[in-house]
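Please have a look at the sequence and the structure first.

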Amino acid sequence: MKPGELIDIRQSAALTLHDRRVLNLLIEHAGPDIASDRHHRMPMARLRGPAHRGGERVRDSIENLMKTLILIPTRDSKGNKATTRVQLLASTTTTDDEDNPNGEVAYSFHKEVRDIISRSDYWGRIKASVMFAFSSKYALALYEAICLRINLKHNNQFFKPDDFRELLSVDRDLLTRFPDFKRRVLDPALTEVNALSDCNVEVEVIREGGPRSAVAGYRLRWAGKSSEEWQAAMDELLRPKVGRKARIDGKIEITNFMDTGPRLIASRK
């Protein structure tokens, strides 16, 4: 369970996919005590995760989380819309040798963050198996945003271009042309979320005039998957990551044979 204020955060574009995973695991480990004034301790191996690569160091992600200034929408004492600017983490201690099987991370959340979490009334349930399956931080950001909204009475929301880019954790100075944004961010994120999560998501691009006019905004739509659709996604989560992109893109057909077990058949697409 992740507080909505830590999902719809702004200025998080500097965080990598690994940083975002580490943050989610820190939140998960803190559990019901996340708003308490205390240090939490967890095994460093847990933060490295099943998809760990040699270049992904836990301490680097911890330092990135400490140095990143997060803007969290909130309310002031009179109920007006306001913005809190704060670092997510306060003090942290990490074992120097990350390969030490007994290594640990001790951490605490910043006081202002704890205060906001204690008053939070909306949460998103993040599935760790889905989180670790994504290869793009934009897919993880989109998935978290949908998890926060999936149980709302309405199933769509309009975003202005800058707000939608912030939702997907896109740096405001990067991929400013829509074709680049679509190719590098939007299409890969939608493909992974629709293939690997328990949600179906689509995005309508809204333009002010004709098809070549400026983008005026994006309408995000979502729905929970049927049990059959979610089973198909879970089947893919259990398969090796090798060949996943081709399977998702439909370039490889998967057929099960009772006598020989599963095998892959290359299609002619």
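Let's start with Glu144 and Lys2, whose side chains form a salt bridge with an N to O distance of 3.2 Å. A salt bridge here is a side-chain nitrogen of Lys or Arg within 4 Å of a carboxyl oxygen of Asp or Glu. Lys2 belongs to strand β1 (residues 2–3) and Glu144 to helix α6 (residues 137–149), so this pair ties together parts that lie 142 residues apart in sequence. Helices (H or I, at least four residues) and strands (E, at least two) are DSSP runs, numbered from the N terminus.

Glu144 and Lys2 are both buried. Buried stands for under 20% relative accessible area, exposed for over 50%, and partly exposed for anything in between (1.4 Å probe, protein chains only).

## About the model

This is a predicted model, in which local features need pLDDT of at least 70 and side-chain atom pairs count only at pLDDT 80 or more, while totals for chains, interfaces and linings use all residues. Residues are numbered from 1 along each chain as its sequence is written, and side-chain values use heavy atoms, with hydrogens and water left out.

## The overall picture

The protein has ten helices and twelve strands. Of its 269 residues, 41% count as buried. The protein exposes about 14900 Å², with carbon and sulfur atoms supplying 49% of that area; accessible areas come from the Shrake-Rupley method with a 1.4 Å probe, and for residues only the protein chains shown count as cover.

Among contacts (heavy atoms within 4.5 Å) with a separation of 6 or more, 62% join residues 24 or more positions apart.

## More salt bridges

In total, the structure holds 21 salt bridges. One of them pairs Arg48 with Asp99, the closest N and O atoms being 3.3 Å apart. This pair links distant parts of the chain, 51 residues apart: Arg48 sits in helix α2 (residues 44–48), and Asp99 in the loop between β5 (89–94) and β6 (104–109). Arg48 counts as buried, at 16% relative accessibility, whereas Asp99 is exposed at 52%.

What separates Asp115 and Lys111 in helix α4? They are four residues apart in that helix (residues 111–119), which means about one helical turn. Asp115 is partly exposed with a relative accessible area of 27%, and Lys111 is partly exposed with 49%.

Finally, do look at Glu236, Arg239, Arg244 and Arg247, which are linked in a network of salt bridges.
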